[in-house]
Amino acid sequence: MSDFSMNGVGGVVCVTMPLDSTTKASIGKNYDNAKGKAVAITDNNTVGFGSDGDPLFGVLTKVEHDGYASVQVKGFSCGLAGTASATAINKYAAVDGAGGVKSAGTGVVSNGYITAFDSTSKTTDIYM
């Protein structure tokens, strides 16, 4: 990947949404480490890590103790955890079920598009 970062470029938009109970349990009180994790829609107006292959909805930018999170839904988000064997540029993005990003399967359309992938660091850049 290049020596510059597109992180935050492209008119970043964030929304506040509740996290599902499974994702809240996974995060526990480790709110800061949840930043940059990929999420999917998991229930009515609710986000979470989802299941492997679910369409990406956004990226966590902040998690609060009350179970709500700020979710980036527009703009570039860079350096996200990727799945080395299942991530390719120029593809729609899906979640891996653990907060990472991978290429979406055939016919899956998501809010994110993979713009870069570093196979050494296993990090992904997406544009939403």
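Two strands count as paired if DSSP finds at least two bridges between them. That matters at the first stops of this tour, which goes through a predicted model.

**The hairpin**

Select Asp43 and Thr46. Thr46, in β3, is the bridge partner of Asp43. Now show the whole of β2, residues 38-43, together with β3, residues 46-48. These strands pair in the antiparallel sense, over three bridges. They form a hairpin, and two residues lie between them. Pick Asn45 in the turn: its phi is positive, about 50°.

**Across to β4**

Stay on β2 and turn to its pairing with strand β4. Select residues 58-63 to see β4, which pairs with β2 in the antiparallel sense over two bridges.

Next select residues 13-18, which are β1, and residues 68-74, which are β5. Six bridges join β1 and β5, and the sense is again antiparallel. At Pro18, look for Tyr68, its bridge partner in β5.

**The whole sheet**

Show all of these strands together. In what order do the five strands of the open sheet run? The order is β1-β5-β4-β2-β3, with antiparallel pairing. Strands β1 and β3 are the edges, each pairing on one side only.

Keep Tyr113 selected and extend to residues 113-118, which make up strand β9, where Tyr113 lies. Is Tyr113 buried or partly exposed? Its relative accessible area is 31%, so Tyr113 is partly exposed.

For the last stop, select residues 123-127, strand β10, and pick out Thr123. Thr123 counts as buried because its relative accessibility is 18%, and the limit for buried is under 20%. The side chain of Ser121 is in polar contact with the side chain of Thr123, at 2.8 Å.

Notes
Residues are numbered from 1 along each chain as its sequence is written. This is a predicted model: local features need pLDDT of at least 70, side-chain atom pairs count only at pLDDT 80 or more; totals for chains, interfaces and linings use all residues. Side-chain values use heavy atoms; hydrogens and water are left out. Helices (H or I, at least four residues) and strands (E, at least two) are DSSP runs, numbered from the N terminus. Buried means under 20% relative accessible area, exposed over 50%, partly exposed in between (1.4 Å probe, protein chains only). A polar contact is a pair of N or O atoms within 3.5 Å; within protein, one must be able to donate a hydrogen and the other to accept it, and residues adjacent in sequence count only if both atoms are side-chain atoms.
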